[in-house]
Amino acid sequence: MSAAAEGPQPLRGLRVLEFSHTIMGPCAGLLLADLGADVIKVEPAPQGDHTRRLPGFAAGFFATFNRNKRSLALDLKRPEGLAAAHRLVAGADIVLENYGPGTMERLGCGWEQLRAVNPRLVYLALKGFLAGPYEHRPALDEVVQFQSGLAYMTGPPGRPLRAGASIIDILGAVFGVTATLAALRQRDATGEGQRVCSSLFESAVFLMGSHMAGLAATGEAPPPMPARRGAWGIYDTFRTADGQLFIGVTSDQQWARFTAGFDLAGLAADPRLATNAQRARERSWLLPALQEVIETLPTAEVSRRCEAAGISWAPVGQPADLFADPHLLAGGGLLQTAISALGGGAEVGLPALPLEFGPARQRVTLRRQPPRMGEHNAELLAEAGYAATEITALSAAGVIVASDPPADP
């Protein structure tokens with residue numbers, strides 16, 4: 001691929017060893033890989049990343065979070081495997097891991113063990129909790145959504161509900177990469193690496209900050225979002241003749257344009273609706289009145305009028321809609337990614353990083369498909385100084401393995 005086709009790579013030249021599974025760690029590795037770093041996914045031999053074999057809603061995890069990486073399947077429990085990992089660490093800039101507390105230390109790849117190999121190393125630990133009484137607990141995205149109050153705020157009263165995506169895993173990864181880049185900047189000044197850590201629980205708590213501040217400011221506990229007292233008069237989902245739309249009218253100027261666009265002269269002239277604060281107080285009868293008008297119109301017509309009025313609106317979409325979204329297709333927002341579960345090398349468009357670079361507004365691209373397990377064993381060990389005969393011997397001994405493991409029955 002040409003440099004232009006490969007897209008912007010601001011982290012090109014950095015080497016990353018990723019010891020991770022599921023979402024949080026792989027997502028951190030994805031961010032670094034998409035931005036140009038050479039990310040080596042170190043998978044546990046002989047089975048590899050268990051995410052490759054997850055069923056149900058998790059069947060797409062591996063393809064989503066592992067593009068633009070190389071795979072080395074290595075048995076770290078064998079002395080030869082640990083030695084190979086340490087040789088790779090000696091030439092790395094970053095190690096990231098999201099295994100349970102103490103796992104990397106037991107494998108001989110904890111921070112103190114690896115800093116002795118490479119003092120310039122930045123070590124990103126992605127955990128359930130930062131330092132404190134909870135730090136040795138295992139955690140999951142859904143667990144901390146409930147623990148932090150996010151699930152309480154998401155569901156209707158009495159029915160706490162997790163968000164519809166693994167937002168805490170992903171947010172924790174973003175915070176972790178932020179800390180890693182800051183540590184690299186500090187290394188530029190000091191020459192020394194350091195351990196940094198990001199966590200699920202504290203990431204979820206960060207999302208609760210505005211609710212905590214509101215409680216402190218008003219003395220009133222915030223109700224779950226479905227039962228909240230709205231800040232705007234019109235900020236709701238409406239039925240159309242053939243579907244649903246969300247419409248938000250958030251200023252008096254938008255109200256004037258909205259009523260003109262939908263021929264609502266009577267509501268525009270009603271003194272009870274002159275300001276947003278007044279409209280918010282009159283929601284009990286205002287929203288049903290608007291619903292009567294909107295449900296007579298097809299979705300396309302409601303969309304056209306909202307667009308012309310310059311107000312915020314959106315269809316009530318589903319994941320399947322995104323494959324053909326014209327905005328994503330026009331802007332390079334989907335990357336054609338191989339999904340191993342589909343067989344035959346079939347590819348589908350999966351989301352690119354939500355970033356643009358430079359005056360040309362370039363998007364990051366897919367340079368490598370998600371790797372097969374151990375696909376890059378030989379080239380990575382050769383880069384670490386192993387002779388071909390040594391690589392063959394490690395393979396024969398099962399210290400390194402290649403090819404996808406068999407699917408679970």
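Student: Which residues do ring pairs link into a cluster with Tyr134?

Tutor: In this predicted model, ring pairs join Tyr134 with Phe129 and Phe201 in a cluster.

Student: How many aromatic pairs does the count come to?

Tutor: The count comes to 10 aromatic pairs. One of them is formed by phenylalanine 129 and tyrosine 134, with ring centres 5.5 Å apart and planes at 70 degrees.

Student: Why is that pair edge-to-face?

Tutor: The planes of phenylalanine 129 and tyrosine 134 stand at 70 degrees, and the edge-to-face class takes angles over 60, so the pair is edge-to-face.

Student: And phenylalanine 129, is that residue buried or exposed?

Tutor: Phenylalanine 129 has a relative accessible area of 4%. Buried means under 20%, so phenylalanine 129 is buried. Tyrosine 134, at 34% relative accessibility, counts as partly exposed.

Student: What about phenylalanine 129 and phenylalanine 201, which kind of aromatic pair do they form?

Tutor: Phenylalanine 129 and phenylalanine 201 form a tilted pair, 5.4 Å centre to centre, with 50 degrees between the planes. This pair links distant parts of the chain, as the two residues are 72 residues apart.

Student: Where do the two partners lie?

Tutor: Phenylalanine 129 is in the loop between strand 5 (122–127) and helix 7 (141–148), whereas phenylalanine 201 belongs to helix 10 (residues 200–207). Phenylalanine 201 counts as buried, at 14% relative accessibility.

Student: Another topic: which residue lies over the face of tyrosine 386?

Tutor: Arginine 87 does, at 3.9 Å from the ring centre of tyrosine 386.

Student: On to the backbone. Which residues does a cis peptide bond join?

Tutor: The cis peptide bond is between alanine 45 and proline 46, and omega there is about 10 degrees. Proline 46 sits in the loop that runs between strand 2 (38–44) and helix 3 (61–65).

Student: What is phi of asparagine 68?

Tutor: Phi of asparagine 68 is near 60 degrees, which is a positive value in a residue other than glycine. Asparagine 68 is placed in the loop between helix 3 and strand 3 (69–74).

Student: Is asparagine 68 buried or exposed there?

Tutor: Asparagine 68 is buried, its relative accessible area being 3%.

Student: And what phi does arginine 361 have?

Tutor: Arginine 361 has a positive phi of about 55 degrees, although this residue is not a glycine. Arginine 361 is located in the loop between strand 11 (347–351) and helix 18 (377–383).

Student: Why does arginine 361 count as exposed?

Tutor: The relative accessible area of arginine 361 is 56%. Exposed means over 50%, so arginine 361 is exposed.

Conventions. Residues are numbered from 1 along each chain as its sequence is written. This is a predicted model: local features need pLDDT of at least 70, side-chain atom pairs count only at pLDDT 80 or more; totals for chains, interfaces and linings use all residues. Side-chain values use heavy atoms; hydrogens and water are left out. Rings of Phe, Tyr and Trp (its six-membered ring) pair if their centres lie within 6.5 Å; planes under 30 degrees apart count as stacked, over 60 as edge-to-face and the rest as tilted. Buried means under 20% relative accessible area, exposed over 50%, partly exposed in between (1.4 Å probe, protein chains only). Helices (H or I, at least four residues) and strands (E, at least two) are DSSP runs, numbered from the N terminus. A charge sits over a ring if NZ of Lys or CZ of Arg is within 6 Å of the ring centre and within 35 degrees of the ring normal.
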